[in-house]
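Here is a short note to read alongside the model. Please keep the sequence and the 3D view open as you go through the points.

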Amino acid sequence: MKEISPWVIFFASIFTNNMIFSNFLGMCSFISVSNEIPTSLGLGQAVTFVLTFTTMLNYFIYHYILVPLGLEYLRFIIFIITIAAFVQLLEMIVERYFPNLYYTLGIFLPLITVNCVILAVSLFMVIRNYSFLQSVGFAVGSGIGWTLAIAAMAGAKQKIKNNKLPKGLEGAGITLIITGLMALAFIGFSGIVQIQ
Amino acid sequence: MSTILITTAIVTAFTGFLALLLTIAENTIANYGELKIVINDEKEYVVQGGASLLSTLIDQSIFIPSACGGRGSCGYCKVKVLEGGGPVLPTELPWLTEDELKNNVRLSCQCKVKENMKIEIPEEWFNVREYETVVELIEDMTPEIKKLRLRLKDGEEIDFKPGQYIQMKIPTYEGNDEEVYRAYSIATPPSIKNYIDLYIGYTGGTATTYIHKLLKEGDTVYINGPYGEFYYHDNPDKEMIMVAVATGIAPILSILRYMKENNIQRKVTFYFGAKTPIDLFELNLIEELEKELHDFKFLPTLSRVKEEHNWTGERGRVNIALEKYVDNGDNKEAYLCGSPGMIDTVLEVLKKKGFTEETIFYDKF
């Protein structure tokens, strides 16, 4: 995998390998927090931010602690703990020293601890054997891709807000159908670049 | 064997390191030290910063109504934050109206204490507390109204003004997945401090369904209070006109019993509206009051009497009886308690008779 440029991975993870549309990861907050564009953009920013830093952190932990000790199989538990601790620490720091950031990102941080996209990016980084720069490109791209997806969903939801829907399709039902349609559109990109 | 030990050691060391890091952060970064909260420009509290305003105030024994326990899902815990609350959070926006936003109203469960603050709360909240009570008695008053006696824990007492109400916490039950609070007026006089009586009419709503169908004697019920601007006003020279329908009798009974106990000698006429004779209740209590109060007249008026009821008293709604018997508003005070519809029509009648806003007290529910 060394030959792919981090930039290619960056753009691929936004469009062709979008976490939501090609892997269906990070769905819970994608479904529940996609009612308004500003809120979903806030959550998207927080996801991108946390993704970038936890992936970098997990890269070092994996390659400099787990691999030398031959403990690769512990990566699930270690990655999860790292993400949880990092998010909590980040929340404290942001709340104390960056009040403005706290009012846009802060309240979303606890939501992100359990967002599977975060763990997935760290794990894909290992499975696909990315270098550090490739991992960073992948993380930032995945974050932006996720933001793009949730913002698009929020836009679609706002458009259909006042439309009458069959009772059973209200809420999560129609969201999943729209997600499916969007995913079909995004699959159109998939021939352009392949990173997996 | 050694693999197991190494693995365990590594995970433990790793987790331990992160735990240590978080503990240090908790005590440095998240430690806001002692801060000051000034309430209503007069009372000052020194508090430990970092927690939500709601829990900080509860620690200072100031009870802010809240049903969801700080999750930001009920919207009850509103207070006015004049200084030091930071901007309004997205989690608060759904609960605040435009007017409230303009007046710096915040949800105290979302707003954190991170700097010195100035806030405003209704004066009466200083006296508000939460009480754990036990249902001592449930009694049918009429086919639709039950009397509920809630006894406070041993040694606890509730102080209130005659006419005020409490809020009762309705827990979740099958068919109701959210805790809610409902207000009920206290029917007992303030001299009784270790239990309260409430009258609860069945409407089929969340709270009344719970009370009428599920609540049993011996159950624990949480209440908080007292609240309300509707209470006895001491104007000894004025004649009193009291008007109530159905469970609206509760605060009126509290006031009348208070007057009896304190030997307050004022002329009182109590107009009570009901549909049929079955809907009249607590007649023994009222008879006793008629005997013992200085100058008290009970005037029940029924709106749906039939021949077989043999009713010789007043007929029609309360506003008709008021039209008939109240000559003018000179030197009189009116206390009204009942449904918004009843209050509005009665207000109209009384204003026509010369009562002013200042001489009419009412409690709409």
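Where does B:Pro226 lie? B:Pro226 is in strand E11 (residues 220-227) of chain B. Helices (H or I, at least four residues) and strands (E, at least two) are DSSP runs, numbered from the N terminus.

1. Basis. This is a predicted model: local features need pLDDT of at least 70, side-chain atom pairs count only at pLDDT 80 or more, and totals for chains, interfaces and linings use all residues. Residues are numbered from 1 along each chain as its sequence is written, while chains are lettered from A and ligands numbered from 1 in the order in which they are written.

2. Cis bond. The peptide bond between B:Gly225 and B:Pro226 is cis, with omega about 0 degrees. Most peptide bonds are trans.

3. Positive phi. B:Asn263 is not a glycine, yet has a positive phi of about 50 degrees. Its place is the loop between helix H5 (249-261) and strand E13 (267-274) of chain B. B:Asn263 is exposed, with 9 other C-beta atoms within 10 Å. B:Asn331 sits in the loop between helix H7 (318-325) and strand E16 (332-338) of chain B.

4. Open sheet. In chain B, 5 strands form an open sheet in the order E2-E1-E5-E3-E4, with mixed pairing. Two strands pair if DSSP finds at least two bridges between them. Strand E2 (43-48) and strand E4 (105-107) of chain B are the edges, each pairing on one side only. Strand E1 (residues 34-39) of chain B runs antiparallel to E2(B), joined by 6 bridges. B:Val38 has B:Glu44 in E2(B) as its bridge partner.

5. Core. The largest nonpolar core has 63 residues; B:Leu198, B:Met242, B:Val243, B:Ile252, B:Tyr335 and B:Leu336 touch the most other members. Such a core is a set of buried Ala, Val, Leu, Ile, Met, Phe, Trp, Tyr and Cys residues joined through C-beta atoms within 7 Å. H5(B) gives the most, with 7 residues.

6. Chain contact. 16 residues of chain B are in contact with 16 residues of chain A. Contact means C-beta atoms, placed from the backbone, within 7 Å. Which kinds of residue make up the side of chain B that touches chain A? That side has 12 nonpolar, 4 polar and no charged residues. (Ala, Val, Leu, Ile, Met, Phe, Trp, Tyr, Cys and Pro count as nonpolar, Asp, Glu, Lys and Arg as charged, the others, Gly among them, as polar.)

Conventions
Contact = placed C-beta atoms within 7 Å. Buried ≥ 20, exposed ≤ 12 C-beta atoms within 10 Å, placed from the backbone.
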